[in-house]
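Please open the model in your viewer and keep the selection panel at hand. The stops below take you from one selection to the next and say what is found at each.

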Number of protein chains: 2
Amino acid sequence: MIGELPGVEVGQEYRTRRLAHEAGVHRPLQAGICGTMRSGAESIVVSGGYKDDEDYGDVIVYTGHGGQGSGGNQVSNQSLEDAGNAALVTSYLEGLPVRVLRGYQGDSAYAPDAGYRYDGLYRVTRYGSKLGIDGFLIWQFRLEAYDDTPTPQATQQVELPSAADQPGTTPITGNESPERITSTVQRIVRSSAVKRQVKAWHDNRCQLCETRLEVPGGSYSEGAHIQALGSPHNGPDTTANVLCLCPNCHVLFDAGAVVLEDNLTVIRDGQPVGALRTHVQHRIDLDCVRHHRERWRK
Amino acid sequence: MIGELPGVEVGQEYRTRRLAHEAGVHRPLQAGICGTMRSGAESIVVSGGYKDDEDYGDVIVYTGHGGQGSGGNQVSNQSLEDAGNAALVTSYLEGLPVRVLRGYQGDSAYAPDAGYRYDGLYRVTRYGSKLGIDGFLIWQFRLEAYDDTPTPQATQQVELPSAADQPGTTPITGNESPERITSTVQRIVRSSAVKRQVKAWHDNRCQLCETRLEVPGGSYSEGAHIQALGSPHNGPDTTANVLCLCPNCHVLFDAGAVVLEDNLTVIRDGQPVGALRTHVQHRIDLDCVRHHRERWRK
């Protein structure tokens, strides 16, 4: 199960991996990553098992799974074919939350004194490979705590190497006056279960232009509400109100450069350019289509 | 000036528009929107001047400028050609913060008792047109308070018509158990001054695929850091470390499906597919190019 577990509070401690397993917080007894390529990662354990890990409390640089010898050194390359690593890529591509547990092992300032502690939900904001300390390829995942996830107490002060990427703040350099710190969030795409269903039906292929973005470890698309949620549009959060689009078509659709007719003809800049590709299980709510179109009347 | 003003606190009150003008918080004496298509909107005044406005405190549905007769009714259509409306479109496209002032007029529960109050930074999350109450076309902009902008006190309870789109929370419907509320933020693109400079040089045209997304009221591109900011990559926040990309190429670049050689040849899925388009003023930092490429070694 992805996300928060009913009845499990942030800060909850488990004396052993087995107790965390029984609580469902982190199900495997050995593996650091719980999850599959299809579902994404449910949870990870940060326990100092990889020497390239970095722990800054609300930001964690987490080394993927695999390639270790019995002594804890890397002895071969890691791969995104590994189920755990592929799960973390899916979490990144789908924007899914990952439960983080910290174990007592290792030298993280945020490790509990003993046992394991559930530290809340993080999201994967980036990943990539590098040559690790032992000279083999490793994959690393940057996880950031959600804004409402409290930062655990540190036993010592640990500062991020650069303050330039604190979530939500972008310091401006260059010809700007230094007082002018502008935090700008441009586009937030949330991937709910409803959107994931639509994306699965279309196998991440854009219903408008057939683009499917292939990236190492997976493919990427976005779920786009036809009639926007929230005031003043108040569209429903149902699969019949969601399209599977590539990011470019998502921008065009959300800004009214593309609208649909009731027969699902695609109108771009006022001209019909083809038909929306559909899927037998994916009913489209024509009220929503009409609402979106009306929103961009000229 | 876009963003917070030094020395101006959220909640600061101004007895008159002139005092707000002198403080630089909202510079025009009459117009509700301060800004231009080029720079974006600096500030707006919410003061009940348009009957289609809605005010929910941290969410505002703000009617654009124009088309009003002397009696305050709409007597003609509004247009995105209007400088103020075009400014709000730019704020949306660039992800720029807008200062919000509330005036004592109108029937908003969040209006101050008298004068004008600076209520902090909001972002434009959506816009569109509709037939207003008076039967003419109006343009409306949804503004949402930044997470760290405090919500002003309401004199009465006002609830959003749908709770489905509170920033940061997406309730899941369908076949999910209702306890499972998963908040997932997938992709956040911040548009700093550095990125805006790069996007201006390239006139919003993608340096990889030449796409330029045209939408009503403007065009759209994204600034993409070559060497990612923050740990473990720690790239510099400079124009030499930023590319102007369309959203699709941004996804591909950030996930390593596209890398650059030192001579700026574009490598996609391991194959050279062309050269990065450059601009005479836009120097590219080859250290950053190398760092990005190394991050995706296989």
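Select Gly256(A), which lies just after H4(A) and takes a positive phi of about 75°. The labels used here follow DSSP runs, with helices (H or I) of at least four residues and strands (E) of at least two, numbered from the N terminus. Residues are numbered from 1 along each chain as its sequence is written, and chains are lettered from A and ligands numbered from 1 in the order in which they are written. This is a predicted model, in which local features need pLDDT of at least 70 and side-chain atom pairs count only at pLDDT 80 or more, while totals for chains, interfaces and linings use all residues.

Now extend the selection to H4(A) itself, where eight of the eight residues are buried, so this helix is largely enclosed by the rest of the structure. Here a residue is buried if 20 or more other C-beta atoms lie within 10 Å of its own, exposed if 12 or fewer, and partly exposed in between, with C-beta atoms placed from the backbone. The buried residues include Cys249(A), His250(A), Leu252(A) and Phe253(A).

What do the buried residues of H4(A) pack against? In chain A they pack against strands E11 (222–225), E12 (242–245) and E13 (258–260), and in chain B against strands E9 (213–215) and E10 (218–220) together with H4.

## Across to chain B

The axes are lines fitted to C-alpha atoms, for helices over the stretch in contact, and angles run from 0 to 180 degrees between N-to-C directions. Pro247(A), Asn248(A) and Val251(A) make the contact from H4(A), and Pro247(B), Asn248(B) and Val251(B) make it from H4(B); two residues are in contact if their C-beta atoms, placed from the backbone, lie within 7 Å. By class, the residues of this contact are four nonpolar, two polar and no charged, where Ala, Val, Leu, Ile, Met, Phe, Trp, Tyr, Cys and Pro count as nonpolar, Asp, Glu, Lys and Arg as charged, and the others, Gly among them, as polar.

Staying in chain B, select E13, E14 and E15, which form, in that order, an open sheet of three strands with antiparallel pairing. Strands E13 (258–260) and E15 (271–275) stand at the edges, each with a single partner strand, so one side of each is left without a neighbour in the sheet. From one strand to the next the twist averages 35°. Three bridges join E13(B) to E14(B) (residues 265–268) in the antiparallel sense, strands being paired if DSSP finds at least two bridges between them. Within this pair, Leu260(B) has Val266(B) in E14(B) as its bridge partner.

## A covered strand and its partners

Next select E7 (residues 116–131) of chain B, a mostly covered strand in which 14 of the 16 residues are buried. Which residue stands opposite Tyr116(B) in E7(B)? It is Tyr14(B), and E1(B) (residues 13–14) pairs with E7(B) in the antiparallel sense over two bridges. E6(B) (residues 97–103) is also antiparallel to E7(B), over six bridges, with Arg99(B) opposite Leu121(B). E8(B) (residues 137–145) runs antiparallel to E7(B) and is joined to it by nine bridges, and Tyr127(B) stands opposite Phe141(B) in E8(B). Look also at the turn of the hairpin formed by E7(B) and E8(B), which has five residues between the strands and where Gly135(B) has a positive phi of about 90°.

## Back in chain A

Select residues 83–94 of chain A, which form H2(A), a helix of twelve residues reaching 16 Å from its first C-alpha to its last, close to the 16 Å expected at 1.5 Å a residue; the expected span is 1.5 Å times one less than the number of residues. Eleven of the twelve residues of H2(A) are buried, among them Leu88(A), Val89(A) and Tyr92(A). Just after H2(A), Gly95(A) takes a positive phi of about 65°.

Finally, colour chain A by domain 1 (13–155) and domain 2 (193–295), bounds that come from an automatic or database domain assignment. The centres of the two domains, taken over C-alpha atoms, are separated by 34 Å, and the contact takes six residues from domain 1 and five residues from domain 2.
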